[in-house]
Amino acid sequence: MLFSRLATAALAMGLATAVSADVKVGMITTLSGGGAGLGIDVRDGFLLAVKQADRNDLELVIEDDQRKPDIAVQLADKMIQSEKVDVLTGIIWSNLAMAVVPAATAQGKFYLSPNAGPSALAGKGCHPNYFNVAWQNDNLHEAAGAYAKATGYENSFILAPNYPAGKDALTGYKRLYGGELAGEVYTKLGQTDYAAEIAQIRASGADSVFFFLPGGMGISFLKQYADSGVDLPVVGPAFSFDQGILQAVGGAALGVKNTSQWNKDIDNAANKAFVQSFQAEYGRLPSLYASQGFDTANLLFSAMDKADVKDADAFRAALKAAEFDSVRGDFAFGNNHHPIQDIYVREVIQEGDIFTNKIIAVGLENHADAYASECKM
């Protein structure tokens, strides 16, 4: 595909050299259609880390899954069987991760997730070769539920798309929210018209709204919600209020509280350098997804510096050690290879012409996921 050939050409010009590559990485991510911005940011964050590391022991092949599980499976099969990759990464959507990750790890490949963290892969379905460098799906929603509870909301209306991450989202919110529900709705994945759902919210008697609608879904919902005249406070995870979305939403998002394990104002040297260099390289502020792609690459490099990928036990131990400078600051894996980390409450603000977020509180400190106890590793 085009993206694969472009990636190979770019790497040959300086990002990496295929001839002497010691580790071959296959990145399958969403680069076209709905949700493409998320995959582009993961890719760009990863490529920035590769460029900065100036390594000659990495070959990277990039392909577009088009947000289709069958395409993702075909690409993974090709990368494993024909391309002979050592490591896979890149998937944004949890339904695609569930289609690809178990088969890849069963074949002895390492999978480093820069985004999707379905509960099925965190608990009983955990695997020694699977590492999530972002979060377990419930985590940011748990922080939103905890914030709603602390704020005094007692009757939330909640909605999310009907796919694994959407179900994890509402489960996570309810886990730490503790109040009543004015309504609980699952929408179609990729939906763009939310008139019916907004009418339900209006009639529900809710005192707040929580939604998880990543990418273009969130843009559509927020614009329609703002135009509807419904004036209930909104709480959400970063996915619906992240940097790549806010410019499209505009003033409708101002003041909204959302939760994230990363923001551009986290005060550490690695993050300051990342934000500055990403802007210089791409001419835009980085998003949550870009930060996750950047951290994923640097985790990989930290393992490559300590072990040969052909020695699976040693490479696995090197990944688990996570000895790299994360843009989040402190970073550690739990027993199920998912992060233990702080999750912040952010507020949407405007800086000049740019809509962005600022951290206003720590929502959950050193937070692990709810499924780790089910993982028998």
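Over residues 23–352 the chain is 43% helix and 20% strand, with its end C-alpha atoms 43 Å apart; here helices (H or I, at least four residues) and strands (E, at least two) are DSSP runs numbered from the N terminus. UniProt, in an unreviewed entry, places the feature "domain: Leucine-binding protein" at residues 23–352, although such annotations may be inferred rather than shown by experiment. This is a predicted model, in which local features need pLDDT of at least 70 and side-chain atom pairs count only at pLDDT 80 or more, while totals for chains, interfaces and linings use all residues. Residues are numbered from 1 along each chain as its sequence is written, and side-chain values use heavy atoms, leaving out hydrogens and water.

**Helix α12**

- In helix α12, which covers residues 312–321, Phe 315, Arg 316, Ala 318 and Leu 319 are buried, where buried means under 20% relative accessible area, exposed means over 50%, and partly exposed lies in between (1.4 Å probe, protein chains only).
- Seen down the axis of α12, these buried residues fall within an arc of 160 degrees, so they line one face of the helix; the arc is that of the directions from the helix axis to the C-beta atoms.
- The elements that cover the buried residues of α12 include β3 (87–89), β4 (110–113), β5 (130–132), α11 (288–304) and β11 (332–333), with contact meaning heavy atoms within 4.5 Å.
- Just after α12, Ala 322 takes a positive phi of about 50 degrees.

**Aromatic rings**

- The structure holds 19 aromatic pairs, counted when rings of Phe, Tyr and Trp (its six-membered ring) have centres within 6.5 Å, with planes under 30 degrees apart called stacked, over 60 edge-to-face and the rest tilted.
- The rings of Phe 221 and Tyr 225 have centres 5.6 Å apart and planes at 25 degrees, so this pair is stacked.
- Phe 221 and Tyr 225 both belong to helix α8 (residues 216–228), where they are 4 residues apart, about one turn of the helix, and both are buried.
- One aromatic cluster is formed by Trp 93, Trp 135, Tyr 163, Phe 212 and Phe 239.

**The loop between β2 and α3**

- Gln 66 lies in the loop between β2 (58–64) and α3 (69–81), and Arg 67 lies in the loop between β2 and α3 as well.
- Gln 66 has a phi near 60 degrees, a positive value in a residue other than glycine, and is partly exposed, with a relative accessible area of 29%.
- Arg 67 has a phi near 60 degrees and counts as partly exposed at 22% relative accessibility.
- The charged end of Arg 67 sits over the ring of Trp 93, 5.0 Å from its centre, a description used if NZ of Lys or CZ of Arg is within 6 Å of the ring centre and within 35 degrees of the ring normal.
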